[in-house]
Amino acid sequence: MQLRALMYFDELVRTSSMRQAAENLNVAPTAISRQIENLEYHFGAPLVERSARGVKLTAAGELLAARAGRTLRELDHVGQLIEDLKGLQRGRVSIHANGATVANLLAPALAEFSLKYSKLHFEVTISSARQAVEAVNSGEADIAVTLFAPPVSGTKVRLRSEIAYDLIVAPGHPAATKPEVQLKDIADYPLALPDQSFGFRQAFDALFEKAELSFDAVFVTSSLEMLKELVLSGAAVTLLPALTVRREIDAGQLCAVPLAPKSAIRTHVDLCVAPDRQLSFAATKLLDFIERFMRERAGGVPAATIATTEMATD
């Protein structure tokens, strides 16, 4: 069985179209069809069903698809490690991150790093925190940088920074000039909050329940951008780590008001890798750099606000 056949099959699985797969690989559709036939002959079973509506995988095709992508990624990873053995300081790093970490953490870290290692290339995928961690576990990504990540077994958390939440308001809001706010103050404001899938929201609800307070969640969304826009418009206030809206705060568009100590809510930013996968030279260098970058950012904030620890999940 040839590697090319697996590559063609993987692209067909990704696009569900012979024509599109052929265009992406810059080959004729007949070349794709021929390689699929070679695979079907090798395994002795049909892998795809063709129709006017496209290509559908058979049960055998689904089985192969689940493994072919990972096999190709691992072979690509081995190729990178072989390049490292030659002493070549070049390569490609795959990073998955959820949107809350990008603008004020990952983007500046990558920009600074790329100036030092100009021959390296980076593939950055923005996804949910869970998808980012799962991408590392499956070998699809070298590194994950996540905020609000749920516990996922089998992932090594290289660095964890604990971050406090603030009340985020527009500059003209009555709370904007307060030194801190209490839970009972927050209960009086129209709120824009993440949905129940976020660990922060669960902690927030539990805190209000314990204090026997109720709140008015006028807007509920899974989008950080939506939360920011609602606050910018003055329609609501929200709670987020100041890190996630640092650009807007520096521009004077938003204000971050600390929560009183008894009302404090915290979450963590995680820098994750797979525990059993050797990283390439490029990925190792970037991992070390992002770790230092996160530590420096943590060092610029009072210890009561951020605590940094190294740990691994079970």
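The following legends describe close-up views of a predicted model.

**View 1. Strand E3 and its burial.** Strand E3 comprises residues 91-98. Of its 8 residues, 7 are buried, and the strand is thus described as mostly covered. Two further strands, E4 and E5, are joined to E3 by bridges.

**View 2. Pairing of strand E3 with strand E4.** Strand E4 spans residues 120-127 and runs parallel to E3. The two strands are joined by 8 bridges. Within this pairing, His96 has Thr125 of E4 as its bridge partner.

**View 3. The β-α-β unit formed by E3, H5 and E4.** Helix H5, covering residues 102-116, forms a β-α-β unit together with strands E3 and E4. The unit is right-handed, and its two strands are parallel and joined by bridges.

**View 4. Pairing of strand E3 with strand E5.** Strand E5 consists of residues 143-147 and is also parallel to E3. Here 3 bridges join the strands. Ala97 is paired in this way with Val145 of E5.

**View 5. Crossing of helices H2 and H3.** Helix H2 (residues 18-25) and helix H3 (residues 29-43) have axes that come within 8 Å of each other. The axes cross at roughly 105 degrees; because angles of 65 to 115 degrees count as roughly perpendicular, H2 and H3 are therefore assigned to that class. From H2, the contact involves Met18, Ala21, Ala22 and Leu25. From H3, the contributing residues are Pro29, Ile32, Ser33 and Ile36. By residue class, the contact between H2 and H3 contains 7 nonpolar residues, 1 polar residue and no charged residues.

Methods: Residues numbered from 1 in each chain as written. Predicted model: local features only at pLDDT ≥ 70, side-chain atom pairs only at ≥ 80, totals over all residues. Heavy atoms only, no water. Buried < 20%, exposed > 50% of the residue type's maximum accessible area, 1.4 Å probe, protein only. Helix = DSSP H or I, 4+ residues; strand = E, 2+ residues; numbered from the N terminus. Pairing = 2+ DSSP bridges. Right-handed = clockwise from strand over helix to strand, strands pointing away. Axes fitted to C-alpha atoms, helices over the stretch in contact; angles between N-to-C directions. Parallel < 35°, antiparallel > 145°, perpendicular 65-115°, else oblique. Contact = heavy atoms within 4.5 Å. Nonpolar A, V, L, I, M, F, W, Y, C, P; charged D, E, K, R; others polar.
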